[in-house]
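The sequence and the structure are shown first, and the account follows.

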Amino acid sequence: MLRSNSFRQKRALCQLRSFSSLLKSHAYINGKWVEAGNKDMFNVINPANGNVVGIVPNMDVNDAVRAVSAAKKALNNSEWHSFTAKDRSDLLKKWFYLIKQNADEISSIMTTESGKPISEARGEVTYGNAFLEWFAEQARRIYGEVIPSPIKNREIVVLKQPLGVAALITPWNFPLAMITRKTGAALAAGCTIVMKPAEDTPLTALALVKLAEEAGFPDGVVNIITTNKAAPIGDYFCKSLDVNGISFTGSTEVGKLLFRNSSGGIKRISLELGGNAPFIVFKSANLENAVEAAVSCKFRNCGQTCISANRFFLQHEIHDEFIELFKQRVAALKVGDGSKPGVQIGPLINTTQFNKVCTYVEDARLKCAKVILGGKALNELGELFYSPTIITNVPSSAKLYTEEIFGPVASIIKFKTEPEVIKAANDTRRGLAGYFFSEDIQQVFRVAKLLELGMVGVNEGLISAAEAPFGGVKESGIGREGCHHGIDEYVEVKYICFGNLKY
Ligand code: NAP
């Protein structure tokens with residue numbers, strides 16, 4: 001770990017700052033760019049080549065306490081408190097436009113720290129920024145209600161008030177969109193926020209906060225802390241009475257831990273967790289569409305997407321033809337450093353993720369699944385590259401079937417009947433997204449209703465949009481992000497009873 005007074009660190013910092021004005025090496029608390037209280041820092045690594053691309057504060061619970069105190073003070077501070085919905089909307093719009101103007105620089109930072117191809121990083125800036133635009137508009141529509149009273153001379157009035165201080169914990173796979181999906185809603189509702197981005201991708205988040213500062217959010221409204229020791233900070237967020245709600249996107253395991261630890265204070269919690277998406281192709285499907293969707297749904301972001309297709313179920317009549325077409329398309333994908341033009345698949349994010357992919361593929365091989373494409377590390381490109389892979393005959397006992405692979409591996413299972421595939425698709429405690437392809441209108445409605453999922457793509461493999469409610473059922477989470485429902489996570493519903501009115 002580099003210390004703040006080391007020569008190497010100072011030199012690295014100078015080089016980094018000259019690369020981009022948005023590349024920050026401090027966290028942001030109460031309107032100031034700050035170091036960790038203990039001065040500790042950690043490196044951010046480019047997964048494509050192992051180079052250090054940033055150095056950020058390695059904060060601890062004391063820094064989290066500072067950030068939460070600032071957010072709490074700002075909540076009650078007259079400036080933010082006195083902002084109208086229109087004022088909050090205007091600020092969010094300003095932030096949106098600044099991100100739009102700086103899209104190229106943000107995309108480069110994102111590719112450098114996450115490894116995703118630059119074209120995908122640009123796509124994420126557009127997609128993620130749409131949440132700020134959407135919630136800027138929604139800020140003005142957080143309507144209350146007047147409900148007809150059953151009792152004479154009484155009025156039932158319902159207000160929606162800000163939840164308070166919101167702690168936002170995000171993963172590395174969408175370093176921008178996971179931040180804007182939460183911050184947009186929280187700020188529109190009038191909350192103040194403390195963000196904790198992933199250890200692997202803090203730089204994109206810090207760049208966004210730099211632009212939030214430029215947009216003019218009052219001090220203490222937007223705070224961010226960086227760390228590679230997330231657990232104690234997460235625990236503090238759960239237990240602190242100054243944190244009114246937690247919004248977490250990440251693994252189901254950590255989500256469960258936060259849920260458990262928040263129960264003491266009955267804290268509001270919103271969880272966007274892992275999936276195990278089925279991708280079903282029925283015999284009536286338009287195969288060209290299905291194959292096209294399969295490629296983007298599976299291999300986008302090197303398969304490191306929570307709504308990535310995890311298990312492909314192919315009806316036996318079209319099984320072989322689909323595989324032939326799919327194989328041709330996947331074999332043509334260009335793997336490499338995401339900053340290079342034309343690259344479609346970058347590296348996996350880190351060694352843990354890389355080892356997981358290797359282990360799961362080996363497990364499937366041992367259980368008699370057949371690797372028909374790829375199935376190996378691409379060491380010639382770097383330590384974290386894995387070839388786009390297709391595996392057929394994957395048994396239900398394989399880890400590829402029961403767990404979320406989060407890598408460029410397509411697992412294929414053959415099925416005969418609709419009831420059989422519905423049962424198999426639902427045979428998991430995860431219920432985030434799923435997809436199916438069919439031209440049979442009766443089947444379309446039937447299957448869409450029977451799948452135990454929060455989101456279903458029918459003849460479509462890319463389903464995310466700021467306008468649509470994102471979230472899962474079962475162990476894939478609680479709550480929804482995006483859409484007008486996204487605001488609900490950050491407001492308290494207050495009922496005011498006006499009695500004894502003289503009419
Ligand atoms: P993760 O390990 O759960 O980490 C997510 C975030 O939580 C990171 O910021 C991480 O910090 C932090 N964290 C880790 N342990 C913590 C703890 N004990 N207390 C508080 N925070 C803690 O997940 P990941 O591996 O980064 O992300 C992949 C997972 O996220 C997949 O399962 C994927 O499906 C899911 N995901 C879900 C959605 C959705 O919308 N449903 C979207 C994207 C991803 P560090 O980085 O420092 O460990």
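This is a predicted model: local features need pLDDT of at least 70, side-chain atom pairs count only at pLDDT 80 or more; totals for chains, interfaces and linings use all residues.

A network of salt bridges with shared partners joins Arg-181, Lys-182 and Glu-481. The count for the structure comes to 23 salt bridges.

Lys-367 and Asp-363 form one of these contacts, with the closest N and O atoms 2.7 Å apart. Lys-367 is partly exposed at 31% relative accessibility, whereas Asp-363 is buried, with a relative accessible area of 13%. A further salt bridge brings together the side chains of Asp-337 and Lys-340, at 3.7 Å from N to O.

## Aromatic pairs

Across the whole structure, 18 aromatic pairs are found. In one of them, Tyr-28 and Trp-33, the ring centres lie 4.7 Å apart and the planes meet at 50 degrees, so the pair is tilted. Tyr-28 is buried, having a relative accessible area of 6%, while Trp-33 is partly exposed at 22% relative accessibility.

Phe-282 and Phe-415 make an edge-to-face pair, with 5.7 Å from centre to centre and 85 degrees between the planes. This pair links distant parts of the chain, 133 residues apart: Phe-282 sits in the loop between β12 (277–281) and α11, and Phe-415 in strand β16 (residues 409–415). Both Phe-282 and Phe-415 are buried. Elsewhere, one aromatic cluster is formed by Phe-279, Phe-299, Phe-312, Phe-322, Phe-326, Tyr-435 and Phe-437.

## The largest pocket

The largest pocket contains about 990 Å³ of space. It is lined by 42 residues, and those closest to its centre are Trp-172, Phe-248, Gly-250, Ser-251 and Val-254. Two or more lining residues come from each of α9 (230–239), β10 (245–249), α10 (252–262) and α13 (351–366).

By class, the lining of the largest pocket comprises 17 nonpolar, 14 polar and 11 charged residues. Domain 1 (7–273 + 478–492) and domain 2 (277–465) each contribute at least three residues to this lining.

## The second largest pocket

A volume of about 440 Å³ is found for the second largest pocket. Its lining has 19 residues, with Glu-120, Ser-296, Arg-300, Asn-301 and Leu-462 nearest the centre. Helices α6 (118–138) and α11 (287–299) each provide at least two of the lining residues, and the largest share, 5 residues, is from α6.

The lining of the second largest pocket divides into 8 nonpolar, 6 polar and 5 charged residues. Here too, at least three residues are drawn from each of domain 1 (7–273 + 478–492) and domain 2 (277–465).

## Enclosed cavities

The structure holds 5 cavities of 30 Å³ or more, and the largest cavity has about 70 Å³ of space. Around the largest cavity lie Tyr-127, Phe-174, Met-178, Arg-181, Arg-300, Thr-305, Cys-306, Ile-307, Ser-464 and Phe-470. Of these residues, 6 are nonpolar, 2 polar and 2 charged. Domain 1 (7–273 + 478–492) and domain 2 (277–465) each supply at least three residues to the lining of the largest cavity.

Arg-300 lines the largest cavity and is among the residues nearest the centre of the second largest pocket.

Notes. Residues are numbered from 1 along each chain as its sequence is written. Side-chain values use heavy atoms; hydrogens and water are left out. A salt bridge is a side-chain nitrogen of Lys or Arg within 4 Å of a carboxyl oxygen of Asp or Glu. Buried means under 20% relative accessible area, exposed over 50%, partly exposed in between (1.4 Å probe, protein chains only). On a 1 Å grid over the protein atoms alone, a cavity is a set of points where a 1.4 Å probe fits but cannot get out, and a pocket is an open set with protein on both sides within 12 Å along at least five of seven lines; lining residues have an atom within 4 Å of a point. Grid points are joined across faces, edges and corners, and a volume is the space filled by probe spheres set on the points. Helices (H or I, at least four residues) and strands (E, at least two) are DSSP runs, numbered from the N terminus. Ala, Val, Leu, Ile, Met, Phe, Trp, Tyr, Cys and Pro count as nonpolar, Asp, Glu, Lys and Arg as charged, and the others, Gly among them, as polar. Domain bounds come from an automatic or database domain assignment. Rings of Phe, Tyr and Trp (its six-membered ring) pair if their centres lie within 6.5 Å; planes under 30 degrees apart count as stacked, over 60 as edge-to-face and the rest as tilted.
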